[in-house]
Every structure is written in structure tokens, then in C-alpha cells.
Amino acid sequence: MRYAFSLEVVDLDNQAPNRNRRESRYFWDEMNHLVSAGGFHRVEVPYEPKWDFGGRSGIPRSMRSVTTKFGTVANYMAYLKDNGIEAIDCVHLNPSLFCMGGMPMFFGAAGHYGEEAIAFAKEAGCKVVTLSVTPPYSKVQGILGDADEKGFLEGVKELVNKLAAEAKKAGVTLCLKNEFWGLLRGEKITEFLGRVDGDVKLDADTANLQIAGADVKDVIRANRDRIGVVHFTDTNFADNDETWKSALPEFPANRATRVFTDLGMGCVDFPAILSLLKEIGYDGPVVLNPRNSTDICRSILRAGYFADTVVKE
Amino acid sequence: MANHIKLSHMSHWKTIPYKQIDNFRDYYYEDKSNSCYYEDWDRILRYHKATGYDGIELAPWDLPEILGLFKTPAEYTAFAADHGIEVSGMFHGCDDSHIAEKHGEVVAAGRSAVDTLKAFGGRHLNTCPGNNYYGNGPLDAEGLKNIASCLNEIGEYAEGNGIKLGIHNEFFCVTNKENHRQLIELTDPRCVHYCLDTAQVVLMGDDVIDFYETYKDRICTFHWKDTADLGVADEIRYAKDVEICDDGHRWFWEPGEGCLPMVELWKRVAAHGFKGWVTVEDDGAPDYLAAMALSSYYMKQVLGKIYW
Amino acid sequence: MKAVASYGIVNADTSGPGAFLRAAKWYWDELTDMFAAAGFTSVMIPMVPNTENVSRNGAPICTASVKTRFGSPAGYLRYLNEKGIESVEAIGISAQSMYNSLFETGLPIERFFDGFYDYAMDAAEALAELKGSTLLASPTPGIGFLMEQFRGDEAKIEDFRKSSAECMNRIGEAVRGLGVNLSIRNEYWTLMRGALIEEYMKLLDPEKVSFAPDPAHLFIAGADYMDIIRKYAGQAKTVCFTDTKFRDEQEAYRTISPEFPQDGAAQRVYWDLGFGDMDFDGIYAALKESGFDGPVLLDSRYSLDIPKGILRMRTFWNRLEKNYAGKEI
């Protein structure tokens, strides 16, 4: 197993003191040094075309941004190496941004940016692209129109198969991440994987599986030959009120809480999961993801402490 | 203080993910930091009132989350009213307005924005007239006319709905130093007004006092902010993705923290007897609560002593 | 050379978001984890005299607080060891902190150096238990304070300076018995600021007291820091690395808030290591050439973002070593 650190640690969407820094390139230049100083030299890049629309190309989360600032992806990779980051181990595309205006709009945009994310991964030498397999439940309800969830999932299947073909051509593994707020939450992903291209793999995201009520180890066992990437995410959250169906499921409306905690601050049983991953011979990337941190550098250090104490091999 | 001026604040907070945090103490203890002070509309609106604002101007890119939390514009407006805050207006962008073939699409989007703002009870649709300069400029006469035509049509619809469309030109916009005044002349003064962004016109290289004196009858509202960059070079304004600087340089500052002749401008505003909404826009500030307080102090304690 | 991370990165006294949290034990517990996570195994702790006001909080910034929270310095060391911090290499003491405590303790200025000696010995005893090597002392309070205290009487101030040297010799002698070195630093607002250290060193017994040069403090005081570092590298038991861009054009050093200059274009004194103007590559090379192989106290003093400051400190040290290794090849 090799460990990478997710740049999803930086939340660009929600309000936070000093958030303004995060749109400028200098912030990201130093981010490489900070992640590297925390002992991580491989990263995950969230692929976010959202910033293309406002011309925020200082944020290196899309092909447009990277080529605007560095000319080519190859230049960007050379720059990362010069700054302490050796590789991108995973690219994550969450196309929920486009879940508006109807199903054609969503599947059109998700397909387009899915292909772009795969092309980006290929040029970056990254072997894994993980796709948030469905948008949040409530967003999906907003675009169903006359269709039903089954019809929507047929669309997802088509999308996944189309992107799987693209990924194959690019020499990249397409994985599916099933957030706890999605239509394929928890154990539902296993059955869905059985219906799509056999090369598509599971992104085993620990906190998301746990919040959805699944036994994380059971899901890993059930997909033991189909795990393409593992995300170590931590949580203390128990979804007792169907928060997953709400408009902003990462922010439980009835009781504010941080759904995803820094690594080591939640209750996910990482030693047991690690031991299972070893037992089944998993040797792919493990991405440590303290998603949407409220204190980025503290999260890097907490992840470093977690790496030193919990996952040390 | 007389009451000619109502003070609003442009909502540049990013997504506010909660409507109201009732378990504030417990939530604080989860992180023991100030982050939970900036995550619910209840507190954000309390900050508006506490720092002396009467209104908030909405950002359209926030609407999916706002409507997710509040379900309807009316519910949001009522919630704000409970906090003593009105919706003063909303920002809008007329992308592709210079392209004749896009006219229908642009006008439809503009009308939809008018409808949305009306539902929120707001008055000012502060409208960026077109795309970025980069990739679109320089405009020919036809392109400029196309923009004016879109603005006239949306403006007419807005006026009919009790909404004031105000042109809000940005320093990196396709209508720029060489033609932004011309654009005003091409639009219908009965229904297309102007939202004077005090910093943007100066960044473009215009003289804000002269601009105000020339167009004071067209000005329906303000985006009041400061800058320390008086006239930015063409090669910067016309370059790609210039709104956010690579090195963290800030184009905008809280009123009084930059170099604009704010007192002189405000005296002109007073002399003209302007009445209505003045919106502070603290875009780029690292701490909006502090920025709101600083700005409000300047507006009320420095400018307010001259005219309010 | 051994990198030692200074807890001086935390400014617990000055306003800032979350500043009040820094008095709580949990804050320092996590700070320990964070230094360990960034690969630091040894730390320096600036300590103030034990007073009621400071001792009751959870920050390990005086021996009384350490004893309350961990039973003893040895208990604190066991705790640190469990967290991945192997030693407290140095404890910092400061005559300015001593001076600040007079208001609370009521100790008269005439007994200042008796009090300072007790404060030093208490810290040195703790340091011995913590398996540290260096007691780092700043020998006098700020010039601005002394000017007020002695109403500008320069003769009295000069006497005070000489007394401080006697006190250093006395402390130096006593701590040797504990297996601890006494080193002094010359902060830019003190009576031995900048090049004045040369005169001051003549008052000290080199067997008992050594000088720990600090580029930022020398630079701010207008001295040629590279010259002084080269000159004193041979005798140094430890050195301090602090970074700055600050030029003291308005003589902030003479005021009662020298670290927060009230006037002038630049009002920020300290910068995270690597973000100021000091030529650390040159300093590192000079220390190597002089055969210095002791602890280097990394002091990103009063960082505005502590976790970021810690990560920057790691980046700084890695680069320094890498750059030097690159030059050697």
C-alpha cells in the first residue's frame, strides 16, 4: 500500500476565515511545501471545473487551471516534483455541480468533465480516477423530471461504462466513490458494480461507508478483487435522521456537526480495516483525506501524526 | 442622522451551510475554533444588524444552497426581516450579451434574474454587462450595441417589475476603459441605470469624481469600496483570469483603507441629494466580520457625518 | 547540527483569533503532537517565572504549571516521550519576563537579580530532569523599561548591566553542577544588543557562559550578523535561528513595546523561518565551517498560524540541509 494525502483538505465552497487566500496561486504553491513537510509526497487532486467558470485558474484543480498557469500538465508535474510532491495518486471528480436543469444537462456535463479528468490523470501519470457515482439524493430529486431513480441510475450506468472505456484507453482505472448522501450509498454499490464494465473498481471510502450504515469491512470483503483505491476518511457522525436526504447533507440541519473529522479524531476502526486490507492483499493507493478542514495545516499535521501512529507499517 | 441612505452589504461570504445552529456550544467544542461563527445564516444576519447594516445584496451563485436551506425566496426574506435586514438587491452577469445570436438567451436569463430578485423583495439588479475582456475584447461597435440592446430589454422588464437594473462594470470586463461610458450612452436612461462601483471605475483608469458628476442622474445605487490601484495597465486588465492575483495582491480594500477620494465623492453624493441603497462590497477581505465592521464604521462615522 | 523546535512559535499574550485558547492544556497537548508529526524530536520551551497568574493555566510555560499538570518535569518528559518528543533541549528564560513579573510579585528592583537567579535555577533544575543541555537566558529587560525604571539615569542603567553580567556568571557557575550550559542571547532591545555583545562578553567568564548568536536580533540591532556569528561560532554551545525583514528605523528598541513597533512602515518584527531576509544558507555554512555541531534553536517567533508555522519550520530545515549538501557535492 502506498499513502497519499488528499488536497480535498482545502474547502473552497464554504465560508471560513481567510478563505480568500485559497483562490490565489501563491496559496497552492506553498501548499505543496506544507504537505511535503507533513511527510506526504503523493497527493490526490479533486478535479473541480467549477473554478474554470470564474477564471480562478490559481486553483490547480482542472485542466484549464493547470494549463493556464503551467502550459502543460507535464510542466505542472515537474513543478510539483521540484516542490516536494512526487506524484498524483488519485484524481476525484464529483460532478454534482452540474446536477441542475435536468438529466441531459447533468449527464452531458458529467461525461464531458469525466473525460477531461481522465485525460488530466493520464497526462499527470496518475493511474486512478474516482468518480462520485451519484450526486446527493436531494439534488437528484431536483432533476428527475418525469423519470424515476431507476431511470436515473440507468443513466449513471451508461455514464460509467462510457467513462470506463475512456479510462481503459488512457491506461487509467475508473473507480466509483459512493458518498453517504448518494443513491448508491453503503452496500448498494456492490450490486451496481456488478452491472457495469468489469474493469470499473470500488473506491472504498471508510467514513462514507460507515455513515451510510454499511459494515466497512464487509463491503471491502465483498469487493475484495475490485478495490481500486481506498480513502481513509474519519467520522463520529451517525445519521439517525436521514440527513443523507437533506439539501446539504454534509451539514446536518437539525444538529450542526462536522461530519468528516480529521484523521484520528473520529471513530472509524482503522487498525481493523488496515489489517483486512493486508489480509486481502490490497496493494493500491490509500488516500488520507481530512476533507474540508477548518484548519488546513493542523489537518496535515494530524494526518502526519495519524500516519506515524496508526498506519505505520 | 437623517435617513437618506440605507446601508447594505454585498454577500461575498461563500456558502453558508446552515440556516441556524442551535447547538452552538456543542458545535464549538468539536473544533474549538472560530469557524463555527461563520456557518449559519442566523449569525451572519445578526452580524449584519450588529455592525449597522440595513440590508444584504445576494450573490446569485449562492442561490442553490440558500434555496436548499430556505425552500423559497420568501422564507429567506422573512428570516432576514426577523433579523432587521432587507434584501437590497442581487448581482447578475450578462454573459455573451455582445453576441447577437445569444440575445434571446441573455434576455431570458436577465428576466429570470429579475423574477428571482422580485421574489426576494429586492430592488437593485446590479448587472455586469458582459464577459471578461480576455477572449472577447476588444469589442466592435456592433458588439457594444448588442450589449446595450440586451440591457435595454432586461431593464424595461425590470422597471415594469419595480426593479432597478444598474450597470456594474468591472475592470476586467469586455466593456472597459475605452467604451464603458459609451455603453451608458447607448442604453435607455428610463430603464437602465448605473450601480457605481467606486473601485472598479478607478481600476479601469477612469476618474471617479468626474464619472459621478457626469452620470449622477443615472446612478441608482453604489458598490462602495476602496482600492489602492489607481488605473491598472491595459496588459493586466485585458489578461486572462486577472480578478484573483497569483501573489495574493488585493484589488479591493475596505472603505478608508485604500486611496480613493471617498470624502470628496461623498460630498458630491450629498450635494446631489442621493437617496437609497449604498452597498459596501468587501470582496477579497480575509475576515468578513472584521471587514463589515470596519466598513460600517467608515461609512457611518466618517462619511455619515457629512451626509446620511 | 540538531534541529530544536522552539515553543516560542506561540504568542499567548497578544490578540489574535483563538489567542485565548493558548492558555489551555489541550492546546499544548496537540502542539506536541504537531511538532512530532513534522518530524521534530527535540524542543525548546521559553519559560516565565512562576506567578499565580501564569501557573494556573495549562500552558507549560513555567515550572509550576508543568508540575501541576504532569507531577514533575520528569513526568512531563515521560509524556513528551510518549508523544514522540525525545527531549527538551533548552529552556529559555528572560530578564524581560522577570521584569514583567515584578508587578505581580512585588519584588523590588533592587532584588531583581536575586529573583532572576532563583528563576534561572528553578528552570535549570527542571531542565536537568528534562534531560536538556541548555539554559538560554536573555540577560536584561528592554532598554525602554530600564529608562523608565531608572528615569533615564544612565549610570544606574550601566550598573544594572554590570549586575546582570555578575548574575549570569553566578547562574553559569551554579548550573554547571546540574550538567547544564548557560548561553545568553542578545535580543535587540536589551543592553547588550547587536555589537554591544562584544563588550558584554568581556564581563562574562567564558568557562561558565557562552553566547548564542541569533541573526535576526543582530540584524535588527544593525550589527553584521554574519561577522558576529563567524566570530562566536567556536565558543557557541547553541545558536538561535530567528528570521526577520524588520529594520528598526524608528528606534523601536528604545520603546516599551519593541516587538510591536508603534510607528514606521513596518510594524511586524518576526517572520516564520524562511520568510524573512536572513541568509540562513550562509549562516549554516559558516557554522559548519567553524565545526559547530550543537543544537540549533528554531524560533519562528510569534507565528500568525501555528500549524502552518510548524510545517514551514520543517520545510525550512529540510531545505537548509539539502542546500548545504548540494553545495558540498
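**Note on a predicted three-chain model**

1. The contact between chain A and chain C takes 14 residues from chain A and 15 residues from chain C. On the chain A side, helix 1 (25-37) and helix 12 (296-309) each supply at least two residues. Helix 12 of chain A gives the largest share of that side, seven residues. Sorted by class, the side of chain A that touches chain C holds seven nonpolar, four polar and three charged residues. The model is a predicted one, and this applies to every point in the note.

2. Chain A also meets chain B: 28 residues of chain A are in contact with 33 residues of chain B. The side of chain A that touches chain B is made up of eight nonpolar, 11 polar and nine charged residues.

3. The secondary structure of chain A consists of 12 helices and eight strands. Its radius of gyration is 18 Å, close to the 20 Å that the globule rule gives for 313 residues, so chain A is as compact as a globular protein of that length.

4. How much of chain A is buried? Of its 313 residues, 58% count as buried. As for the contacts in chain A with a separation of 6 or more, 80% are accounted for by residues 24 or more positions apart.

5. Chain B has 12 helices and eight strands. For 308 residues the globule rule gives 19 Å, and the radius of gyration of chain B is 19 Å, so chain B is as compact as a globular protein of that length. A box of roughly 60 × 40 × 40 Å, taken along the principal axes, is filled by the C-alpha atoms of chain B.

6. In chain B, buried residues make up 50% of the 308 residues. Among the contacts of chain B with a separation of 6 or more, residues 24 or more positions apart account for 85%.

7. One residue of chain B can be followed in detail. Leu265(B) lies in helix 11 (residues 262-272) of chain B. Is Leu265(B) buried or exposed? Leu265(B) has 20 C-beta neighbours inside 10 Å and therefore counts as buried, the cut-off for a buried residue being 20 or more.

8. Which residues does Leu265(B) contact, leaving aside its neighbours within four places in sequence? They are Thr198(B), Val208(B), Ile209(B) and Tyr212(B). A further distance concerns Asp210(B), which is 55 residues from Leu265(B) along the chain. The C-alpha atoms of Asp210(B) and Leu265(B) are separated by 9.4 Å.

9. Chain C contains 13 helices and 10 strands. A compact globule of 329 residues would have a radius of gyration near 20 Å, and the 19 Å of chain C agrees with this. Along its principal axes, the C-alpha trace of chain C spans about 55 × 45 × 45 Å.

10. Of the 329 residues in chain C, 51% are buried. Taking the contacts in chain C between residues at least 6 apart in sequence, 79% join residues at least 24 apart.

Note on methods
Residues are numbered from 1 along each chain as its sequence is written. Chains are lettered from A and ligands numbered from 1 in the order in which they are written. This is a predicted model: local features need pLDDT of at least 70, side-chain atom pairs count only at pLDDT 80 or more; totals for chains, interfaces and linings use all residues. Helices (H or I, at least four residues) and strands (E, at least two) are DSSP runs, numbered from the N terminus. The radius of gyration is taken over C-alpha atoms; the globule rule is 2.2 Å times the number of residues to the power 0.38. A residue is buried if 20 or more other C-beta atoms lie within 10 Å of its own, exposed if 12 or fewer, and partly exposed in between; C-beta atoms are placed from the backbone. Two residues are in contact if their C-beta atoms, placed from the backbone, lie within 7 Å. Ala, Val, Leu, Ile, Met, Phe, Trp, Tyr, Cys and Pro count as nonpolar, Asp, Glu, Lys and Arg as charged, and the others, Gly among them, as polar.
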